[in-house]
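Let's take a walk through this protein together, one piece at a time. Have a look at the sequence and the 3D picture before you read on.

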Amino acid sequence: MMTVKLIIDADACPVKEETIALAKQYGLEVVLVASIAHFSTKEVPDHVRQLWVERGSDQADFKIVAIAKPNDIVITQDYGLASMLLPKGCRVLHHDGYEYTESIIQQLIDGRHLSAKERRTSKRSRRVKSLHPFADQTQSDYSDLLKDVIEAIQNQRKE
């Protein structure tokens with residue numbers, strides 16, 4: 001029987017408490033992955049485990065990729081991290097109420113490329129407004145999206 005866990009890229013995640021509360025309702029483990037620079041002695045519930053990583057660029061990302069398993073749910077704002085997790089079979093959510101997909105990640109990469117290209121060719125530096133990568137997606141409330149994903153994985157497990 002597969003065990004599903006929620007992994008949070010915790011350094012700057014604004015939905016930690018909400019995610020922890022929902023995970024408890026569904027009996028799921030939560031793993032908070034954060035830089036030691038954000039160390040806290042704050043107590044966490046029994047179903048929450050904290051993993052601290054060294055300071056440094058992408059250390060939390062590398063740890064998350066290492067511990068994530070198929071059907072784990074990862075909460076992150078980092079689409080580079082999301083692009084490494086999708087091939088592993090993880091479900092990756094953004095706290096704004098979107099689930100990352102390959103096409104959304106490609107739109108984000110394309111938008112970054114176009115902005116950089118415009119900055120290089122423009123005489124004055126200005127930010128290029130790119131198409132919002134989620135424009136054709138229906139935005140959900142984060143809690144509703146997380147519930148839907150948890151229930152979909154649980155139903156998949158029953159089949």
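## The sheet, strand by strand

Here's a detail to start with: Leu 32 sits opposite Gln 50, which belongs to strand 3. Keep in mind that you're looking at a predicted model.

**How the strands line up**

- Strand 2 and strand 3 run parallel, and six bridges join them.
- Strand 1 also runs parallel to strand 2, this time with five bridges.
- In general, strands of a sheet pair through backbone hydrogen bonds, and they can do so in a parallel or an antiparallel way.
- Put together, six strands make an open sheet with mixed pairing, in the order 3-2-1-4-5-6.
- Which strands are the edge strands? They are strand 3 and strand 6 (98–99), each of which pairs on one side only.

**The whole chain at a glance**

- The protein chain has five helices and six strands.
- Take the contacts between residues at least 6 apart in sequence: 50% of them join residues at least 24 apart.

**A strand that's wrapped up**

- Strand 1 is largely enclosed by the rest of the structure, because five of its five residues are buried.
- In a regular strand, side chains alternate between the two faces of the sheet.
- Both faces of strand 1 are covered: Lys 5, Ile 7 and Asp 9 are buried on one side, and Leu 6 and Ile 8 are buried on the other.

- In soluble globular proteins, nonpolar side chains tend to be buried together.
- The largest nonpolar core here has 23 residues, and the members touching the most others are Leu 6, Val 30, Ile 73, Ile 75 and Leu 146.
- Two or more residues each come from strand 1 (5–9), helix 1 (16–26), strand 2 (29–35), strand 4 and helix 5 (142–158).
- Which element gives the largest share of this core? That's helix 5, with six residues.
- Zoom in on Leu 6: leaving aside neighbours within four places in sequence, its contacts include Ala 23, Val 30, Ile 73, Leu 146 and Ile 150.
- There's also a second, separate core of 21 residues, with Val 53, Leu 85, Val 92 and Tyr 100 among them.

- You'll find Thr 76 in the loop between strand 4 and helix 3 (79–85).
- Is Thr 76 buried or exposed? Its relative accessible area is 2%, so Thr 76 is buried.
- The side chains of Thr 76 and Asp 9 are joined by a polar contact of 2.8 Å.
- Not counting residues up to four places away in sequence, Thr 76 touches Asp 9, Leu 81, Val 92, Leu 93, His 94 and Tyr 100.
- Thr 76 and Leu 93 are 17 residues apart in sequence, while their C-alpha atoms are 6.4 Å apart in space.

**Two loop residues with positive phi**

- Asp 58 isn't a glycine, but its phi is positive, near 70°.
- Asp 58 lies in the loop between strand 3 (48–53) and helix 2 (59–67), and its relative accessible area of 39% makes it partly exposed.
- Asn 71 isn't a glycine either, and its phi is positive too, at about 75°.
- Look for Asn 71 in the loop between helix 2 and strand 4 (73–75); with 14% relative accessibility, Asn 71 counts as buried.

**What about the cysteines?**

- A disulfide is a covalent bond between the sulfur atoms of two cysteines.
- How many disulfides does the structure hold? The count is zero.
- Cys 13 counts as buried, at 9% relative accessibility.
- Cys 90 is buried as well, with a relative accessible area of 5%.

Conventions. Residues are numbered from 1 along each chain as its sequence is written. This is a predicted model: local features need pLDDT of at least 70, side-chain atom pairs count only at pLDDT 80 or more; totals for chains, interfaces and linings use all residues. Side-chain values use heavy atoms; hydrogens and water are left out. Helices (H or I, at least four residues) and strands (E, at least two) are DSSP runs, numbered from the N terminus. Contact means heavy atoms within 4.5 Å. Buried means under 20% relative accessible area, exposed over 50%, partly exposed in between (1.4 Å probe, protein chains only). A disulfide is a pair of cysteine sulfur atoms within 2.5 Å. A nonpolar core is a set of buried Ala, Val, Leu, Ile, Met, Phe, Trp, Tyr and Cys residues joined through side-chain atoms within 4.5 Å. A polar contact is a pair of N or O atoms within 3.5 Å; within protein, one must be able to donate a hydrogen and the other to accept it, and residues adjacent in sequence count only if both atoms are side-chain atoms. Two strands pair if DSSP finds at least two bridges between them.
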